Amino acid sequence: MGQTCCAAWGVGRCRPPPVVESYTEGTVARLEQGGGYVVTRPFQVQIAGDRMIIPVGEWSDGASGPAPDVGLSWIVHDHVYTHRPPHVTRDQADRAMIEIARDIEGNGWFARYVACGFVFAPRFFDRAWLR
């Protein structure tokens with residue numbers, strides 16, 4: 001995917017306007033059995049004008065393939081893919097995952113890993129979005 005992809009997804013010097021408009025801090029815990037993450041303190045996130053409350057008990061199985069698990073960003077991504085808020089597009093959901101990993105969780109390495117050719121080159125989340 002190269003430099004164009006990285007810049008388009010906000011990893012390089014060029015960053016598009018953020019899609020995560022607001023966020024209130026919540027907490028997640030890693031599940032010991034079966035892997036994945038669960039929300040232990042609720043939080044709100046606003047993406048593209050849609051405010052979502054992520055409740056206690058919401059969970060994610062983490063990566064849908066051979067990708068690193070990072071927690072909160074996967075929960076938000078799975079929540080958007082599952083509940084389909086009316087104003088959030090698929091690309092915004094994917095960008096929100098990267099922004100949360102990079103800016104809130106402090107995982108710049110993950111954002112580079114995802115944006116620069118691993119996930120978005122083959123539209124990795126096709127199966128989940130098309131359900």
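In this predicted model, Gln 44 stands opposite Ile 53, a residue of β5. Strands β4 and β5 run antiparallel and are joined by 5 bridges. In general, the strands of a sheet pair through backbone hydrogen bonds, in either a parallel or an antiparallel manner. Here the pairing is antiparallel, and the open sheet has 3 strands in the order β1-β4-β5. Its edge strands are β1, residues 20–23, and β5, each of which pairs on one side only. From one strand to the next, the twist averages 20°.

Helices accompany this sheet. Helix α2 lies across β1, β4 and β5, and runs at about 60° to β4. Helix α3 also packs on the sheet, where it touches β1 and β4, and its direction makes about 50° with that of β1.

The wider chain may now be considered. It contains 5 helices and 6 strands, and along the sequence these follow the pattern α-β-β-β-β-β-β-α-α-α-α. The chain has 131 residues, of which 45% count as buried. Among contacts between residues at least 6 apart in sequence, 58% join residues that are at least 24 apart. The chain exposes about 6,800 Å², and carbon and sulfur atoms supply 53% of that area.

Side chains of opposite charge can pair when their charged atoms come close. A search of the whole structure finds 1 salt bridge. Arg 95 forms a salt bridge with Glu 99, and their closest N and O atoms are 3.9 Å apart; the cut-off for such a pair is 4 Å. Because Arg 95 and Glu 99 are 4 residues apart in helix α3, which spans residues 90–104, about one helical turn separates them. Both Arg 95 and Glu 99 are buried.

Most residues other than glycine have a negative phi. Ala 48, however, has a phi near 55°, a positive value in a residue that is not glycine. Ala 48 is placed in the loop between β4, residues 43–47, and β5, the two strands that are joined by 5 bridges. With a relative accessible area of 22%, Ala 48 is partly exposed.

Arg 84 likewise is not a glycine, and its phi is positive, at about 45°. Since its relative accessibility is 31%, Arg 84 counts as partly exposed.

Key. Residues numbered from 1 in each chain as written. Predicted model: local features only at pLDDT ≥ 70, side-chain atom pairs only at ≥ 80, totals over all residues. Heavy atoms only, no water. Buried < 20%, exposed > 50% of the residue type's maximum accessible area, 1.4 Å probe, protein only. Contact = heavy atoms within 4.5 Å. Areas by Shrake-Rupley, 256 points an atom, 1.4 Å probe, with all protein chains shown as cover. Salt bridge = Lys/Arg side-chain N within 4 Å of Asp/Glu carboxyl O. Pairing = 2+ DSSP bridges. Axes fitted to C-alpha atoms, helices over the stretch in contact; angles between N-to-C directions.
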